[in-house]
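Morning, everyone. I'll take this one residue by residue. Please have a look at the model first.

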Amino acid sequence: MLVGTLGAMNDRSGAMTVLPLTDAAPVPDPSRPRPAVARLLQGDGANLIAFTFAPGQDLPDHRSAHPITVQCVEGALDFTCGDETVRLTPGVVVHLREKVTHRVDCPADAPEKNVLLLTMLTGERHA
């Protein structure tokens, strides 16, 4: 079993990787317009990336080269794809195909720490 720390981990030692997400998530800097980001795992089939937002921070329109899932593991975030916005709170998961434009906004009334877990579904195998 691997226990995650800040920085990317490569899943090469066994069948199970354990990540303490809220502990491993980066600390946001409220003076910056963008969230803090850290790749937590580069594993077979998926990369796990944590973003921590302070209220008012955002990730403007962008696309991913791979299908993704996103979920808020702490706090609240607004996820927009096209004309639809979903309030992400713990327990809500969104899946997108690759190359779909989307954005993430942290509401001004959100808690100080809002953690988004992005799972990039790469399909890659690591030797």
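Start with D61. Buried or exposed? D61 counts as exposed, at 54% relative accessibility. The cut-offs: buried means under 20% relative accessible area, exposed means over 50%, and partly exposed is in between, using a 1.4 Å probe and protein chains only. D61 is found in strand β5. Strands here are DSSP runs of E, at least two residues, and helices are runs of H or I, at least four, with numbering from the N terminus.

What does D61 touch, leaving aside its neighbours within four places in sequence? T101, H102 and R103. Contact means heavy atoms within 4.5 Å. One more distance for D61: its C-alpha atom is separated by 8.9 Å from that of C81, 20 residues apart along the chain.

A word on ground rules. This is a predicted model, so local features need pLDDT of at least 70 and side-chain atom pairs count only at pLDDT 80 or more, while totals for chains, interfaces and linings use all residues. Residues are numbered from 1 along each chain as its sequence is written, and side-chain values use heavy atoms, with hydrogens and water left out.

Now the charges. Side chains of opposite charge can pair when their charged atoms come close. Our rule for a salt bridge is a side-chain nitrogen of Lys or Arg within 4 Å of a carboxyl oxygen of Asp or Glu. By that rule, the count is six.

Take D58 and R34. Their side chains meet in a salt bridge, at 2.5 Å from N to O. D58 sits in strand β5 (residues 58-62) and R34 in the loop between α1 (21-24) and β3 (36-43), so this pair ties together parts 24 residues apart in sequence. D58 is buried, at 17% relative accessible area. R34 is partly exposed, at 39%.

D58 has another partner. R103 forms a salt bridge with D58, with the closest N and O atoms 3.6 Å apart. That pair links distant parts of the chain: R103 is in strand β10 (residues 102-105), D58 is in strand β5, and they are 45 residues apart. R103 is partly exposed, at 21% relative accessible area. R103 also forms a salt bridge with D105, and there the closest N and O atoms are 2.8 Å apart. Through shared partners, salt bridges join R34, D58, R103 and D105 into one network.

On to the cysteines. A disulfide is a covalent bond between the sulfur atoms of two cysteines.

Last stop, T52. T52 is in strand β4 (residues 46-53). T52 is buried, with a relative accessible area of 0%. A polar atom of the T52 side chain lies 2.7 Å from the backbone oxygen of P26. Leaving aside neighbours within four places in sequence, T52 contacts residues including A25, P26, P28, K113 and V115.

Technical notes: A polar contact is a pair of N or O atoms within 3.5 Å; within protein, one must be able to donate a hydrogen and the other to accept it, and residues adjacent in sequence count only if both atoms are side-chain atoms.
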